[in-house]
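I opened this notebook to record what I looked up, entry by entry, with the structure beside me. Each entry below keeps to one topic.

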Amino acid sequence: MNVAITSPQLRAEVSAEGAELIRLQDEQGRDWLWDGDPAVWTGRSPLLFPIVGRVRDDRIRIDGSEYELPKHGFARISRFEIEEASSSQCRLRLHSSEATLRRYPFPFQLDVTYAVEGVALSITAAVTNTGSSGMPVSFGFHPAFRWPLPYDAPRADHEIRFEQEETAPIRRPLEGLMSRQADPSPVRSRTLALRDDLFEADALVFDQLGSRSVEYGARGSASLRVDFPDMPHLGIWTKPGAGFICIEPWQGYADPQDFTGDFSGKPGIVSVQPGETRRFAITVTVKPPARQSA
């Protein structure tokens, strides 16, 4: 089942499968989100919970026991219940179950709220610890935007402009884990010029990120801004030659190559205490060219 929410300038569609955003259109009916072409990549905007990326051997270690947990966790392949739906907002919920507890031994409630207002879509994930002990967790957003964006600017003109200078080294996944090796930042004057060859060695991972906002698009044409005020890490990814670019605010990332410890000590993990709720949020603001936005 899908839910559609709208404003005069924006229409979003959300699937109960994975509580995933599957369509984002402006008032002209133009698509800003990747269409999930199965010949390329079926994702559109999966939610990453309770891990981001891959863990060593696809297993987490907790208090001496091991649990099998697939890349990016299980929320993206779980069916959520639709708790609320209005013309401009919806909320979907996933509870822990016998199946999730076999992979991640913590009772939880995950609520995901989508809301549109004007040209902005906000997505808020609220993770509540319904158990009796501390719950280690990561969370990530993984939206895939069209590359090129609508309105016909050349693909080669697209870039990502960061809120701040990003001079710290980046890292890359290596066989799914975070490489020990740090690479020089490809950002110059707060700008990442997008080229397919940037992604031949997989994603760019900004694990020492200063920015909490980026703008993506071609100068003088369509663009969008992604704000993520409380998310400290960022992944940028595509398959070379594909028609999308993923801009992924994260709390946490894949296991470092040399990490073999308890899941609670994994870099990027946060602890949610019993009865506590931790929120993770992003806002996507679409900006059609001024001459075509009326």
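Predicted model: local features only at pLDDT ≥ 70, side-chain atom pairs only at ≥ 80, totals over all residues.

**Entry 1, a strand pair.** I began with Leu10, which stands opposite Asp26 in β3. Strand β2 (residues 10–15) and β3 pair in the antiparallel sense over six bridges; two strands pair if DSSP finds at least two bridges between them, and strands (E, at least two residues) and helices (H or I, at least four) are DSSP runs numbered from the N terminus.

Residues are numbered from 1 along each chain as its sequence is written, and side-chain values use heavy atoms, with hydrogens and water left out.

**Entry 3, the sheet.** I then found that the strands lie in an open sheet of three, in the order β1-β2-β3, with antiparallel pairing. Because β1 (2–6) and β3 (20–26) stand at the edges with a single partner strand each, one side of each has no neighbour in the sheet.

I looked up the aromatic pairs and found 17 in the structure, where rings of Phe, Tyr and Trp (its six-membered ring) pair if their centres lie within 6.5 Å, and planes under 30 degrees apart count as stacked, over 60 as edge-to-face and the rest as tilted. The rings of Tyr104 and Phe263 have centres 6.4 Å apart and planes at 90°, so this pair is edge-to-face. Tyr104 lies in the loop between α1 (98–101) and β9 (108–117), and Phe263 in the loop between β22 (244–251) and β23 (270–272), so the pair ties together parts that are 159 residues apart in sequence. Both Tyr104 and Phe263 are buried, that is, under 20% relative accessible area, with exposed over 50% and partly exposed in between (1.4 Å probe, protein chains only).

I read a count of 20 salt bridges, each being a side-chain nitrogen of Lys or Arg within 4 Å of a carboxyl oxygen of Asp or Glu. Which residue forms a salt bridge with Asp255? I found that it is Arg61, with the closest N and O atoms 3.8 Å apart. Arg61 lies in strand β5 (residues 59–62) and Asp255 in the loop between β22 and β23, so the pair ties together parts that are 194 residues apart in sequence.
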